[in-house]
Amino acid sequence: MANVLLNKDLLPKLERLELAFRRAQRGRPDGERSSSHHGGRIEFADYRQYAPGDDFRYIDWNVLSRTDEVVVKQFEREEQYHISLILDTSASMDFPKGGGGVTKLEYASACLASLAYIGLAAHHQIELATFSGGKCDWFTVGAEKEKIFPLITRLEQISASGGTDISSALQSSFERAREHSLVILFTDLLGDARAQETLGALASRGCDISVVHVVSREEVDPAERGRMILRDAETGQKIVARITESAAAKYKEKFREHCEGWAAFAAKHDIRFLPAVTDSPFEDFVMRYLRHGGLVR
Amino acid sequence: MTFMNPSALFGLLLVPVFAWLYLRRAGRREIFVPGLALWQEAVELSGAESGRRTGAMTLPLFLAMSALSALIFAASRPVVTGETKAPENILVIADCSMSMATFDSKGNFYYRATKQTASKLLDELKPTKITLIKLPLEEESIRQDVDSFLSTLLTTPHLVDVMSELTRVSGLAAKASAIVVLTDDPSKVPSEIAGKPVTVISYGEKSRNIAIEAFEVTKSENGFAAFALVKNHSGKDAVIPVKVLVDDIEVEAGRIEIKAGGSAVFTSKPIKGEIIEVHIEADDDGLLYDNKVFAAISASQKISVAYIGQGNPFIFRALELLPQVEVKRYKLAGDVSGGHALYIYDGVVPDALPAGEVMLINPPRSLGAVRTAGVVSNPDGIRAAIAKETPLLTDISDVRFKRLLQLELGEDADILAASEDSRGVVLARTKDGDTNVTVVGCGLDLSETNWPMHPSFPIFWSELVSEIAGGQTSGVPVWYNTGDLIPVAPDAEVTDYTFGENVDTVVRGGRAYFIPKWPGIYTAGDVKYAVNVIHPSESANDGVTQVPSEIKTVENTAAHRPLWRYFAAAGLLLAFAFWGVVRVKGE
């Protein structure tokens, strides 16, 4: 399923990217990437262009005053980070159903694989967690580029089912977080009322958390009208309703509020919040949008 | 109530099927959503909860079913039968070809017989309106007084292709409730025109006609020889008396034997005279109009043209090409004697204009109504254009003039062609007392213009002489066919017809014509015109009698109240209401 969007032309481009870490992270100093946190500083090595997410403290104000160019100082210290990629595989991710388009699970899987490949290329330790219905399965991917293939195979074996329980997955992640430095959650943020509480707690412990909010176009702008039975993909609960223009407008308003609520929550807790719509070009999303969102650079 | 298209009622079986499909679609449509919570809130807020489904579906379902039923009902075309009324409009089409002037062995004209039958049947039917058409499609009239109008219809000697002509009346036929065709050949008439039944009233019998089908008069050493091809269309062998008349005097009589369906040529002895006629006289002949042929040896005197000037080879050559013209040349204006039909003054002018037709070419000074006012010149050539439509001039756009006269002409003058800036005159016509004056504003030689080398130059002379001569050639036997446009002298207002009916002269584009209606000798002015036999296919026609007992009519829709219109309107309204409700409710 990840192969659908992750093609061989994209892989070389991904290798030119690196994951951006915002918080002070713990890790073993044998990775290829340099860390920019103050505790890890050993020796000045070079300047590079400022990128969103860089610590202001490492901006070289002297250079800025002379050249009007914002650069940050880089220090040599090789570190290896632990990255947890957590994928929501609840039934709601298998949407849109039978429409011929990319499902949310497929889009999220491809996105996850892309980020994993960027991390593996830098020899970071990658772990995959999939959760649905209160059950969370962990899979250690490794730290070599070749490990992308077992990861993709694993992702292709996943099918969406069960309910959403983000809290359990995050709790499980929190328990393993002693050795982990970056947590990226791929979910549609539906069906778990306690998700924010758990995520807030995890963020308060200093975890660098990113949430890729995957939605489909039909969720953002539903086209269906008329009298129909709406059945919840996860719970099976149903309501009979007449979807009028007015009801559709109300729904869109509610959905927007839902997304804005999550965005506000993420901003408050220093969590990267990256909405992804499944009909947006995948390569654009990875190469440009994730970069603008500060998750890669 | 009756249904004009009852089979459409089977469509009502679709209504329950449609209802079932509608209910199935409306009641069972289920979609999965990733999260129901947002939808639940939205539905509650918008008040779009469906409530009891069956109740909510009632209105659109009712509207849809009603619209469908009404439209199906309309398609079955229900009408309420009312009082029977007379047909609204009967289209009567009369074949007026010459064969209809044939009479049967009892002396009844085909045409009269069909008209009488039509009158009788129309009287019985008493239609509210009658439209009468004469074929060939020359006129069309709507009248109530059928008898008087039918009596005014005459046959025409022109060839009439009835089948082709009928295709031209399909527009009128579509509006008619019945079509009646009067003809002598029902095989050419379709059973329906524009979906309307055609009643054919035909009258005729096996042809008894003997006709002269071709005629030729040629010049010989001792005068003229006439050849007539006589055809026997009847089923019997015949011995036909033939007479040759010259200027109304019988000069030769003979008999020719012709087998049934065969033909024979009659050749006259050498004859001299102005009008040559050949008559045949068959005892039992159905059509008389094709029994006489004529040739006119017209214009025994030549058109005398006086040319006064130093000589112009182009003018002489152009006039030589016209066989009826006799040119007499003079060098000095004072030498000219009278009696010419046309005086051409080339570069000279007389002291006074003679009566009749005068042409002034490049006049060196003013004379009478023609006053010279100056000269327009351009060594590169002046373009000219036709200023007024005239048969004298064709296209002169390629003609150039190095020098043109500026002329002051009277109010009655016509400038026929002038320079593009209208200052110089190429050709003008005016009157001075009894004299018709044609003025050419330049010398007609190549040092002044290239006109003599242009095709329009000989045409100009030919037309000029033709106008003066009234379209006649000289010493040559001429004849025309009926319907031909025959040119005559402009002053011939009326053409006399040998057998009493005069034909008016028509003036078009400065030329006078007449159109002969019947074979015979026409006289316009002093010139005689021979008009010959009718079209052979009209002579050869076998008539068929077919007298229907009644006129077939379509059902008079005016006698019914068309309920289907109301059902159609109601169906459309209900469909519109259904669309509106569905749109408002977002279904």
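**Exercise 1. Aromatic pairs.** State how many aromatic pairs occur over all chains, and classify the pair of B:Phe514 and B:Tyr529.

*Solution.* 
Step 1. Rings of Phe, Tyr and Trp (the six-membered ring of the latter) pair if their centres lie within 6.5 Å; planes under 30 degrees apart are stacked, those over 60 edge-to-face, and the rest tilted. By this rule the count over all chains is 18 aromatic pairs.
Step 2. Helices (H or I, at least four residues) and strands (E, at least two) are DSSP runs numbered from the N terminus.
Step 3. Both B:Phe514 and B:Tyr529 are buried, where buried means under 20% relative accessible area, exposed over 50%, and partly exposed in between (1.4 Å probe, protein chains only).
Step 4. Elsewhere, ring pairs join B:Phe401, B:Trp451, B:Phe457, B:Phe460 and B:Trp461 into a cluster.

The model is predicted: local features need pLDDT of at least 70, side-chain atom pairs count only at pLDDT 80 or more, and totals for chains, interfaces and linings use all residues. Residues are numbered from 1 along each chain as its sequence is written, chains are lettered from A and ligands numbered from 1 in the order in which they are written, and side-chain values use heavy atoms, with hydrogens and water left out.

**Exercise 2. A hairpin in chain B.** Describe the pairing of strand β12 of chain B and the residues between β12 and β13.

*Solution.* 
Step 1. Two strands pair if DSSP finds at least two bridges between them. Strand β12 (residues 238–246) of chain B pairs with strand β13 (residues 249–258) of chain B in the antiparallel sense, over 9 bridges; B:Ala238 has B:Ile258 as its bridge partner.
Step 2. β12(B) also pairs with strand β15 (residues 275–280) of chain B, again antiparallel, over 5 bridges, and B:Leu245 is bridged to B:Glu277.
Step 3. The hairpin of β12(B) and β13(B) has 2 residues between the strands, and B:Asp247 takes a positive phi near 50° there. B:Asp248, in the loop between β12 and β13 of chain B, has a positive phi of about 70° although it is not a glycine.
Step 4. Most residues other than glycine have a negative phi. B:Asp248 counts as exposed because its relative accessible area is 64%.

**Exercise 3. A sheet across two chains.** Which strands form the open sheet of 3 strands, and in what order?

*Solution.* 
Step 1. The order is β11(A)-β10(A)-β2(B), with mixed pairing.
Step 2. The edge strands, each pairing on one side only, are β11 (238–243) of chain A and β2 (30–33) of chain B.
Step 3. Strand β10 (residues 226–232) of chain A and β11(A) pair in the antiparallel sense over 6 bridges; among the bridge partners are A:Leu230 and A:Ile239.

**Exercise 4. Backbone in chain A.** Identify the backbone features at A:Pro96 and A:Asp270.

*Solution.* 
Step 1. The peptide bond from A:Phe95 to A:Pro96 is cis, with omega near 0°. A:Pro96 lies in the loop between β5 (82–88) and α3 (104–121) of chain A.
Step 2. A:Asp270 has a positive phi near 55° and lies in the loop between α8 (245–268) and β12 (272–277) of chain A.
Step 3. A:Asp270 is partly exposed because its relative accessible area is 38%.
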